[in-house]
Amino acid sequence: ENAQVGILLAYTLRDFFDVTDEAVTVGLEKAKHPGRLEYQGRYLFDGAHNIGGAKALREYLDEFVAQPLTMIFGAMKDKEVSEIAEILFPKAANIILTQPDNSRALSAGEIEVAAIGLIDPERCFLTENVSEALSKANEIATDDSIILITGSLYLVGEAKRILRSQI
């Protein structure tokens, strides 16, 4: 959808600027959106911190991801956690709730309360921090599964920093 908006905008700007089809193609090929449908090995990062982002991620998962998902989820206090959980949690084989290192972050326990009835307790794990969540995910995820890190761009950024430091 973002690419479509960009293309339409580029075509509209042709009334004022020399925007070639080649320039639009190059722009789309070089465009990056860190933390949005970003793969690194078996990890999939997507901030999905609001209902619209969660719906877009869910549509992507439904269409393109057949492997089992182990989901690491963290969120900020001002987000619609129940609604986001209702959209995303059914896709996960396992859910790991965690708290990014941010004063606005919900604790794993607060997320669990907000998502009451949406989580099977036998496949839900609470962790105190992102490092612990990553360790738990790697422990429980099957070899063919994807580890999805979602719910907050702060969570995504922190997880990416931790994983980079392990290389």
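Helices (H or I, at least four residues) and strands (E, at least two) are DSSP runs, numbered from the N terminus. The model is predicted: local features need pLDDT of at least 70 and side-chain atom pairs pLDDT 80 or more, while totals for chains, interfaces and linings use all residues. Residues are numbered from 1 along each chain as its sequence is written, and side-chain values use heavy atoms, without hydrogens or water.

**Exercise 1.** Locate F17 and classify its exposure.

Solution. Step 1: F17 sits in the loop between α1 (2-13) and α2 (21-30). Step 2: apply the classes, namely buried under 20% relative accessible area, exposed over 50%, partly exposed in between (1.4 Å probe, protein chains only). Step 3: the relative accessible area of F17 is 56%, so F17 is exposed.

**Exercise 2.** Check the span of helix α7 against the expected value, and find what its buried residues pack against.

Solution. Step 1: the expected span is 1.5 Å times one less than the number of residues. Step 2: α7 (residues 153-165) has 13 residues, and its C-alpha span from first to last is 18 Å, close to the expected 18 Å. Step 3: the buried residues are L155, V156, E158, A159, K160, I162 and L163. Step 4: with contact taken as heavy atoms within 4.5 Å, these buried residues pack against β1 (38-40), β2 (43-46), β3 (69-73), α6 (130-140) and β6 (146-150).

**Exercise 3.** Find the salt-bridge partner of K160 and say how far apart the two residues are in the chain.

Solution. Step 1: a salt bridge needs a side-chain nitrogen of Lys or Arg within 4 Å of a carboxyl oxygen of Asp or Glu. Step 2: K160 pairs with E38, with 2.8 Å between the closest N and O atoms. Step 3: this pair joins distant parts of the chain, K160 in helix α7 and E38 in strand β1, 122 residues apart. Step 4: both K160 and E38 are buried. The whole structure has 6 salt bridges.

**Exercise 4.** Describe the salt bridges D62 to R58 and K136 to E139, with their helix positions.

Solution. Step 1: D62 and R58 have their closest N and O atoms 3.0 Å apart. Step 2: they lie 4 residues apart in helix α3 (residues 51-64), so about one helical turn separates them. Step 3: D62 is partly exposed at 45%, as is R58 at 23%. Step 4: a network of salt bridges links R58, D62 and K91. Step 5: K136 and E139 meet at 3.3 Å, N to O, and lie 3 residues apart in helix α6, about one turn. Step 6: K136 is partly exposed at 21%, whereas E139 is exposed at 57%.
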